[in-house]
Amino acid sequence: MSVKNKTTFSLEVFPPKKEMPLASVYPTLTELSVLHPDFISVTCGAQGTGSNRTAEIAATIKEQFNLEPVAHLPGIYLTKEEVCNTLKELKKHRIHKILALRGDMTPEKEPAHDFAHASDLIRFIKKESPDFHIIGACYPEGHVESKRPALDIIHLKEKVDAGASSLISQLFFDNTLFYRFLERCEIASIHVPIAAGIMPVTNKKQIERMVSLCGATLPLHYQHLIAKYGDNPVAMRDAGIAYAIAQIIDLLAHGVDGIHVYTMNNAYIAQKIADAIRTLL
């Protein structure tokens, strides 16, 4: 993700719920735009739900805010025809960056069977529209469904070989685990830029939810932070931001390729982080 040794700084937003107007996310985008990120990625529902809104918001980022958007595209519930239609829609708005994902599976819905793995989707996009810049996801502590870290690295290599030009990591709270992951990537000859995904967790319930969803390890000093401030919302917010800033500073000192902040549509938090690291990028 880095260009000419510059560490990229990027942000992530999600579309509003379907019962909310699309414009409800615009104030957040306005506040984020003044931070001048290298790109803003827009999430999509795990089952492909919200894909139209993803494209619309990505187009708004491009056309109204003059920033580079990245559209998320989870493939597990999409057919090849639906993916082709999405690619056409993105091209129409001059959007050429995609975060290609398998997407989370739910028992209630039958997969479309065209893209069982993210590598299948990446390979298909590369064949159908080779001009797209495809980003893949990576998991410093291993995918939650993976039983063996070595297999996880093998699958990641398949994504890169299929056409992923760069990677963004899942959130993590222990930088030591990320550095070990980078070493495993180097051994596996994965040489594309890898951005570190950072989520500033600002309340106790959010932390518990994130850990249960992705299995991220909470270091002992983070556990102490939660124990001390978890029942004080303002203190927990500020402590969470401070922890994320300290994490990012350490990552930058180690020469990480990029910092990707999962903003949870909270411009205040993104602003605090951007202000703290502006001179370090």
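Strand β2 (residues 39-42) and strand β3 run parallel and are joined by three bridges. In this pairing, V42 stands opposite A71 in β3. Please keep in mind that you are looking at a predicted model.

On its other partner, β3 is joined to strand β4 (residues 97-101) by four bridges, and these two strands run parallel as well. Here A71 stands opposite I98 in β4. In general, strands of a sheet pair through backbone hydrogen bonds, either parallel or antiparallel.

How does the chain get from β3 to β4? Together with helix α3 (residues 80-92), β3 and β4 make a right-handed β-α-β unit.

Is strand β3 mostly covered or mostly open? Strand β3 (residues 69-74) is mostly covered, with six of its six residues buried. One side carries P69, A71 and L73, the other carries V70, H72 and P74, and both faces are covered.

**The whole barrel**

Now step back and follow the strands around. Eight of them close into a barrel in the order β1-β2-β3-β4-β5-β6-β7-β8, and the pairing is parallel. Neighbouring strands of this sheet are turned by 30° against each other on average, with direction ignored. Further along in that order, four bridges join strand β7 (residues 194-198) to strand β8 (residues 258-262). In that pair, I198 stands opposite V261 in β8.

**Nonpolar cores**

In soluble globular proteins, nonpolar side chains tend to be buried together. The largest nonpolar core of this model has 65 residues, and V83, I125, F178, L251, I259 and I273 touch the most other members. Which residues does I259 touch, not counting those up to four places away in sequence? The list is T7, T8, F9, S10, A195, A196, I248, L251 and L252.

**Salt bridges**

Side chains of opposite charge can pair when their charged atoms come close. The model has nine salt bridges, counting pairs with a side-chain nitrogen of Lys or Arg within 4 Å of a carboxyl oxygen of Asp or Glu. Three of these pairs are set out below.

| Salt bridge | N to O distance |
|---|---|
| D38 and K6 | 2.9 Å |
| K91 and D131 | 3.7 Å |
| R123 and D120 | 3.6 Å |

The D38 and K6 pair, with its closest N and O atoms 2.9 Å apart, links distant parts of the chain that are 32 residues apart. D38 sits in the loop between α1 (26-33) and β2, while K6 is in the segment before β1 (8-13). Both ends are partly exposed: D38 has a relative accessible area of 31%, and K6 has one of 38%.

K91 counts as partly exposed at 34% relative accessibility, and D131 counts as partly exposed at 44%.

R123, at 43% relative accessibility, counts as partly exposed, and so does D120, at 25%.

Technical notes. Residues are numbered from 1 along each chain as its sequence is written. This is a predicted model: local features need pLDDT of at least 70, side-chain atom pairs count only at pLDDT 80 or more; totals for chains, interfaces and linings use all residues. Side-chain values use heavy atoms; hydrogens and water are left out. Buried means under 20% relative accessible area, exposed over 50%, partly exposed in between (1.4 Å probe, protein chains only). Two strands pair if DSSP finds at least two bridges between them. A crossover is right-handed if, with the strands pointing away from the viewer, the path from the first strand over the helix to the second runs clockwise. A nonpolar core is a set of buried Ala, Val, Leu, Ile, Met, Phe, Trp, Tyr and Cys residues joined through side-chain atoms within 4.5 Å. Contact means heavy atoms within 4.5 Å. Axes are lines fitted to C-alpha atoms, for helices over the stretch in contact, and angles run from 0 to 180 degrees between N-to-C directions.
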